[in-house]
Each structure stands twice: as structure tokens, then as C-alpha cells.
Amino acid sequence: MQWVMAATLTGSLFVWASCSNDDNAVTPQPDYETEFGALLKTLDWGRDTCLIYGHKTPDVDAVTSALSYAKLMRLMGYNCKAKVSSAMNRETAYIARVFGFALPELKAGVEPQTRLILTDHTDYAQCVDGARDAIILQKIDHHVEGDIADSTIPFVRREMVGSTNTIIYEMYKEQGIDIDDETARIMLAGIISDTRNLSKNSTQAIDSTALQALSAQLNISPDSVARLNRSMEDAATDYTGMTDVEIFLSDYKEYDISGHLLGYGCLACKQNEMEAFIDRMLAVMPEVMQQMGLQMVVATIDNMVENMGDDRAERPYVRNGFYFIYYGEGAKAIAESIFGPSLREGVCYTTESLSRKQIVPLITDILNNH
């Protein structure tokens, strides 16, 4: 079945619709006998479908990287399908509606010997249940190496760039495989989200190259990309109707660091509502720690202040540092080692522009040297 897509304009954003979610309806492209293509032929694919997962509590990059990489594998002749291991967040649901792509099915666990490809994570704590007894064929990631060691996987592509989809964009280009418009939208969504439209300090030149190429292919202007990013941010921080535990877990990852199980949430709040919001999040952290079986729980809360710049009508709030909140044995010492003295019990603050991807290695170094 071929895709039929229509673009309509809603406000200032394009909205696409498609007539099918049959992600197996792919004709493999010619085998160009690249080095990567030859390597794929050596992998133990088995007889069943290979499942591709991003991390648990998946964000936009986790979901879209699984989708875009599954498409690449099918185009290269391999039976792969994207899945998610837990519910997706509101930003992901929002951009899927706007860009008109079908989200992966939920499959919370896998049987032993299931063939897996992992995207956007490198820690078993973030994997689909059953991953330790599965056969992991590949890992495509943009974080520092976790406890799923690169050396244990036949193929690893790990680059310290802003988005996993940027790596996958490179791989399409290296294999000489065209990126269709639907896949371009999927990849563009992941890059916009994980780099916040190239504004995060983890962004690299190749992220910019990929974003510009994909948006040009789709005839989406830089101004429209900026408005889309703003709307995605709004969706990501829309906590309407959610319990405080659900809010804390809305952008959440777990790590096993030298036997220390750490839960890490990423949140945002307007400056004039921050104190009450911090109190609420501190109040639910013991429950989250007990519920998840953790030793330590932390979170960053972006401090959103009124934008006084010329673009304030389009972007009313901007990030100005963040609060780092913590709970659990040893959490205070770790937080103050990184961010300095606490403002009050459980709360540090910094004006530095650091992401979770950058803070976790700092925590890891402290725990490994403790």
C-alpha cells in the first residue's frame, strides 16, 4: 500500500495526514554493497521480526529514532519493526498528530532470544523488559556508554550529537538511500525536540545540517520550525490533568550506576510558580523512589522566565538556569559536588546550561570514585 499524504495549514503549522500505518509495505532498495550493508548480512537475524526500541518512558527522539531506523533496516531488506516499551509523552503524541505519522505499538516485554536493536539508550535500566535475555544486534545512540557495553554488540554507532535521528540521517546518506517525506518528518521531529531547535549545548554542526536538509525537503521554513519547536515545548510541559507522580515521570530515565539505582526526571516550570512546584515534586520523590525500587531520585526543573526579547510574542518564556532537586542516601553530597551548596534541603540551583546527558556522567564519576 502506498502512502497518500496531504498537507494542510492550521494556524502557522502544517498538519499532514496519511492513509496507512502499514510499516511493512516497503520495497527494499538495491544493495549497493557498502561496508555497512555487508556487515548487516553477518548478523544473526533469526526467523522472527527484529524489534527496535528507544528507551522506556520514551520521548520524541526515542520514538522517532526507532521508527526511522526500522524504516532504514526494511529498505535494506531486513524484517524490523519499531515498538515502545511504555506510554509516550504528550509532546510525542502532539507531533505525531501534526506530522501525521503512526506511533509504534506498545510491547512492554520481550521473550528470551528476541532480536533487538536499541536506539537512544545504552543502559539496561532503560530497556524493554527482557532485554538482558534477548539478542541485541545493534545499538544506535548519542550518550556516553552505559552498562550495555559496546563490545557486547555486533554493531554500534554511537556519536555525541544532539539527536539520535541525526546519526540515522547520516546513515541514510552513507548508504545512498533516499529519505521519503514521511520519514523526513519523523526524523525532523526527533531532531527539533532533542536539540530544542539547535539551541541545546549538546548540538553539533551535523545536527544543523540534518535539520536544515530535512526541513528544506519538506518546504518548512526556519520560522515555521521555530514555531513548531515552541508548540512542542508547550506540549512537553503541559501538565494539565496529571497527578504529581505522573508529572515527575513525564520525562524520566533510570540508571544503574555501580549498583546505585538512580531515577532522573526532567521538568520545567514558570519562575513565578517555581517554589510551589518544587515543593510538590519534593513531596512525591519518596513515593517515586519506593515505587521504582531506587536508591536515589533527582530531577532538573528548567526555570522559565518571561522573554523580554524581540521574539517574545512568539516565545513568551525562555529558560534561565535550572533547579536540581534530590532525594535519597548520598544524593545531597552528589548534588552539592556538582552544583555547590543547596539553597535549602533538597534543592540546588545553577545558571549553567547542562542537559541530563551531561549531568549523568558527572554523577557516574562521583559514584564510581566514592
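Let's start with strands β7 (residues 135–141) and β8, which run parallel and are joined by 4 bridges. A word on terms: strands are DSSP runs of E with at least two residues, helices are runs of H or I with at least four, and both are numbered from the N terminus. Two strands count as paired if DSSP finds at least two bridges between them. Within this pair, Lys 139 has Val 156 of β8 as its bridge partner.

Before I go on, this is a predicted model, where local features need pLDDT of at least 70 and side-chain atom pairs count only at pLDDT 80 or more, while totals for chains, interfaces and linings use all residues. Residues are numbered from 1 along each chain as its sequence is written, and side-chain values use heavy atoms, with hydrogens and water left out.

Now, which sheet do these strands belong to? It is an open sheet of 6 strands, with parallel pairing and the order β5-β4-β3-β6-β7-β8. At its edges sit β5 (105–106) and β8 (155–158), each pairing on one side only.

Helix α2 packs on this sheet and touches β3 (50–53), β4 (80–84), β6 (115–119), β7 and β8. By contact I mean heavy atoms within 4.5 Å. The direction of α2 makes about 170° with that of β4; axes here are lines fitted to C-alpha atoms, for helices over the stretch in contact, and angles run from 0 to 180 degrees between N-to-C directions.

Is α2 mostly covered or mostly open? Mostly covered: 16 of its 16 residues are buried, where buried means under 20% relative accessible area with a 1.4 Å probe, counting protein chains only. Helix α2 covers residues 60–75 and spans 22 Å from its first C-alpha to its last, close to the 22 Å expected. That expected span is 1.5 Å times one less than the number of residues. After α2 comes Gly 77, with a positive phi near 100°.

Ile 186 is buried, with a relative accessible area of 7%. Leaving aside neighbours within four places in sequence, Ile 186 contacts Thr 64, Leu 67, Ser 68 and Phe 101.

Next, helix α4 lies across β6, β7 and β8, at about 100° to β7. Helix α4 (residues 164–175) also packs with α6 (residues 205–217), at an angle of about 70° and with the axes 9 Å apart. The two helices are therefore roughly perpendicular, a label used for angles of 65 to 115 degrees. From α4, the contact uses Thr 166, Tyr 169 and Glu 170; from α6, the residues include Ile 206, Asp 207 and Leu 214. By type, the contact has 5 nonpolar, 2 polar and 2 charged residues.

On to the other sheet I want to show you. This one is open with 5 strands, in the order β9-β10-β11-β12-β13, and its pairing is mixed. The edge strands are β9 (252–257) and β13 (347–350), and the twist averages 25° from one strand to the next.

Where is the parallel pairing? One example is β10 with β11, over 9 bridges, with Leu 262 opposite Met 296 in β11. β12 (residues 317–328) and β13, however, are antiparallel over 4 bridges, and Tyr 323 stands opposite Tyr 349 in β13.

Finally, helix α9 (residues 274–292) lies across β9, β10, β11, β12 and β13, running at about 40° to β12.

Methods: Angles under 35 degrees count as roughly parallel, over 145 as roughly antiparallel, 65 to 115 as roughly perpendicular and the rest as oblique. Ala, Val, Leu, Ile, Met, Phe, Trp, Tyr, Cys and Pro count as nonpolar, Asp, Glu, Lys and Arg as charged, and the others, Gly among them, as polar. Buried means under 20% relative accessible area, exposed over 50%, partly exposed in between (1.4 Å probe, protein chains only).
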